[in-house]
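Me: I am new to reading protein models and would like to go through one with you, side chain by side chain. Could we take it slowly?

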Amino acid sequence: MRSPLLLAMMALLLPFNGLAQSDWRNADGTPMAQRSASAAARGFSASLVVTDNPQWRAIWDATTGDQPRFEAAQYVRNGGELYIVAFLSNPLPGADGTSNVRCDVRVNRPDGSATMDQRDLPCFQGRPGADPGLIYLSSEGVRFLAEATDPRGTWTVRITLTDANRGVALPLQATFNVR
């Protein structure tokens, strides 16, 4: 988890950041327009990032006082890898104090057919911090390896994060090109 100030500095490198209590915000604190890779509703927020950095997890885990740096990736070539990572903020704790965020993950080829379709995966269970602006890494993500047999063109990743305690689902979408 990260503090809101730390994540506000990520705006230059990521397509999201914020004090996600009610929505994602720019570094200056103004609310960002909802878009396909980030969403917020009724206090719950989520965002999706596509990166080609294989060290993204180590960067996230090691960052304490500095901003994590994730370069956004738009394409991948044969043999390359992409990592599609979801972040969330302000999951509502239930009566027992724990959060219950579930994920649906679907990856579509350029022709629209699914290469991956998983439903109701546990994305974040546990006790959230008291600060509603803290950002959490979802336990579900996608590692994509571009193989010679993969069709070239635009691939689409759809991840829906559902805060089961709050009854809010946030559909997110990101695309990348296989060249």
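Me: Is Arg-143 buried or exposed?

Reply: Before we start, this is a predicted model, in which local features need pLDDT of at least 70, side-chain atom pairs count only at pLDDT 80 or more, and totals for chains, interfaces and linings use all residues. Residues are numbered from 1 along each chain as its sequence is written, and side-chain values use heavy atoms, with hydrogens and water left out. Buried means under 20% relative accessible area, exposed means over 50%, and partly exposed is in between (1.4 Å probe, protein chains only). Arg-143 has a relative accessible area of 53%, so the word for this residue is exposed.

Me: Which residue forms a salt bridge with Arg-143?

Reply: A salt bridge needs a side-chain nitrogen of Lys or Arg within 4 Å of a carboxyl oxygen of Asp or Glu. Here the closest N and O atoms are 2.4 Å apart, and the partner of Arg-143 is Glu-81.

Me: How many residues apart in sequence are the parts that Arg-143 and Glu-81 tie together?

Reply: Strands (E, at least two residues) and helices (H or I, at least four) are DSSP runs, numbered from the N terminus. Because Arg-143 lies in strand E7 and Glu-81 in strand E4, their pair ties together parts separated in sequence by 62 residues.

Me: What separates Arg-57 and Asp-61 in helix H2?

Reply: The side chains of Arg-57 and Asp-61 meet in a salt bridge (3.3 Å, N to O). Since these two are 4 residues apart in helix H2, what separates them is about one helical turn.

Me: Which residues does Arg-119 touch, not counting residues up to four places away in sequence?

Reply: Arg-119 lies in strand E6 (residues 114-126). Contact means heavy atoms within 4.5 Å. With that cut-off, Arg-119 touches Cys-103, Asp-104 and Arg-106.

Me: Why is the pair of Trp-60 and Phe-87 called tilted?

Reply: Rings of Phe, Tyr and Trp (its six-membered ring) pair if their centres lie within 6.5 Å; planes under 30 degrees apart count as stacked, over 60 as edge-to-face and the rest as tilted. The structure holds 5 aromatic pairs. For Trp-60 and Phe-87 the centres are 5.1 Å apart, and the pair is tilted because the planes are at 50°.

Me: Where in the chain are Trp-60 and Phe-87?

Reply: Trp-60 is buried, at a relative accessible area of 3%, and Phe-87 is buried too, at 2%. They are 27 residues apart, with Trp-60 in helix H2 (residues 56-62) and Phe-87 in strand E4 (residues 81-89).

Me: Which residues form one aromatic cluster?

Reply: Start with the rings of Phe-144 and Trp-155: their centres are 4.9 Å apart and their planes are at 65°, so this pair is edge-to-face. Phe-144 comes from strand E7 (residues 135-145) and Trp-155 from strand E8 (residues 153-163), and both residues are buried. The cluster consists of Phe-144, Trp-155 and Phe-176.
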